[in-house]
Amino acid sequence: MSLEKKLEASLQSRQQRQILRSLPPPTSSNPHEDDRQLIDFTSNDYLSLTSYEPLRRRFLEKLNDSRDVLGSGGSRLLVNGAGHHELETRLATFFDSPDALLFNSGFDANVGFFTCVPQEGDVVVYDEYIHASVHDGIRASRARGEDYHGSFTHNSVESLRNVLLRFIDAMPGLKSGDSNVIVAVETLYSMDGTFAPLEDIVDLVETLFPAGNGYVVVDEAHATGLYGRDGRGLVSHFGLEKRVFARLHTFGKALGSSGAVILTSPLVKAYLLNYARSLIYTTSLSAASVVAINCSFDLLEDGTSSKLAQSLEELINYTLELLRSCLEPFPRTLVSLPETLRSPPVSRIYPNTKHLLSPIIPLMTSAPRPLSARLREKGLNARPITWPTVPKGMDRVRVCLHAGNTKEHVESLVHGIVEWATQESERCRAQSDSKIGAVPLESKL
Ligand SMILES: Cc1ncc(COP(=O)(O)O)c(C=O)c1O
């Protein structure tokens with residue numbers, strides 16, 4: 001079979017299984033550009049900074065004043081732009097980290113880190129919902145063998161303990177401190193909107209590895225800009241800066257830009273500069289990107305983003321209250337909030353995360369595509385998420401709230417969901433009634 005035929009067959013198979021991915025219709029995030037713009041309930045632009053006029057103005061002014069605005073001219077190892085160096089220094093200070101290393105994206109950063117940092121005999125343990133980039137890194141690393149990596153149940157400290165104890169039992173080096181374990185977690189999980197019990201995870205790793213050979217690596221991609229003082233993230237919020245091995249912050253989500261930084265020690269930075277192929281063999285961020293990232297951090301430092309984060313938090317509360325009362329009458333399989341969100345956020349298990357509200361609200365449904373399509377007809381953009389992005393049977397429409405969304409937007413959204421769910425319920429009822437009607441009379445008696 002020709003290559004094209006094989007590729008076509010794979011895509012057709014995906015189409016038949018209704019998991020074919022394709023680009024959504026083009027949209028603009030700039031409200032001035034497109035009057036027919038859909039209301040954004042899907043992007044990761046949580047603070048709506050990509051369309052925040054003061055940021056746009058600031059960026060254009062700074063760009064105008066900048067000596068360098070275009071491409072960086074090569075890999076950091078070839079051309080180390082002053083702007084890149086200064087930004088790293090700024091970020092290390094802002095996040096209270098010994099050092100910082102920029103990457104072109106969070107994906108590159110995770111792949112680079114997890115590919116090269118685990119050494120021969122080391123083990124990587126990760127939350128089952130960890131991002132694809134960590135999986136890709138591990139697959140290309142010295143820990144790729146099945147005996148050297150393993151997952152634990154999402155956010156379960158008990159499951160993490162069991163997995164770590166199994167590895168300790170099987171590998172004497174972990175007990176003696178001759179080999180190491182790297183535990184990879186995110187602070188806010190992007191598909192479920194759940195928060196890691198970070199303090200408990202760090203406590204556990206320190207307890208089980210008293211020799212200091214347990215290393216926690218934290219991905220703050222979705223928490224950056226939203227939590228912690230001035231958006232420093234949850235490691236900072238919990239004061240764990242000195243107890244985690246490395247942190248990832250990305251600039252493409254709440255910060256409205258692109259790129260990422262790994263916060264870690266000078267030793268790890270030097271190691272990454274020598275071995276992280278996704279850093280070494282690529283042209284570094286453009287000068288314009290560096291200017292944009294600096295402008296976003298200006299907003300973090302001057303308190304603007306905190307105000308936006310606060311109004312986002314109020315909107316999350318409002319949305320959850322509305323959804324809780326309006327979705328209650330419908331069967332859970334048709335549309336419902338996940339159990340963690342069905343009642344006000346009182347985390348019995350992890351009390352320290354109880355006050356945290358996530359802008360990511362998954363609407364669990366067995367019909368994610370029809371629900372999303374109906375919302376789209378009403379000008380509301382909330383995307384369906386299905387396997388393989390989420391486990392089978394966990395399909396959903398992922399609603400993402402933004403500082404730029406209004407209460408009216410949320411009311412339209414909830415109204416659209418309720419209208420669809422009411423019609424679906426009535427359709428199901430009519431179908432089952434007509435089936436009962438078709439049964440011969442004697443079998444009904
Ligand atoms: C948890 C997590 N880590 C890393 C990334 C990758 O970041 P970036 O979009 O900057 O490549 C993402 C993006 O989806 C993410 O959700």
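Trainee: Which element gives the most to the lining of the largest pocket?

Mentor: That is H15, with 4 residues. This is a predicted model, where local features need pLDDT of at least 70 and side-chain atom pairs count only at pLDDT 80 or more, while totals for chains, interfaces and linings use all residues. Residues are numbered from 1 along each chain as its sequence is written, and side-chain values use heavy atoms, leaving out hydrogens and water.

Trainee: What makes H15 a helix?

Mentor: Helices are DSSP runs of H or I with at least four residues, strands are E runs of at least two, and both are numbered from the N terminus.

Trainee: What makes a space a pocket or a cavity?

Mentor: On a 1 Å grid over the protein atoms alone, a cavity is a set of points where a 1.4 Å probe fits but cannot get out; a pocket is an open set with protein on both sides within 12 Å along at least five of seven lines. Lining residues have an atom within 4 Å of a point. The largest pocket has a volume of about 1,500 Å³, and the residues closest to its centre include Arg21 and Ser190. The largest cavity has a volume of about 80 Å³, and Asn110 and Phe114 are among the residues nearest its centre. A volume here is the space filled by probe spheres set on the points, which are joined across faces, edges and corners.

Trainee: What space is taken by the ligand?

Mentor: The ligand takes the space of the largest pocket. The rule is that more than half of a molecule's atoms lie within 2 Å of the pocket's grid points.

Trainee: Which residues are around the ligand?

Mentor: Among them are Asn110, Glu186 and Lys253; each has a heavy atom within 4 Å of the ligand.
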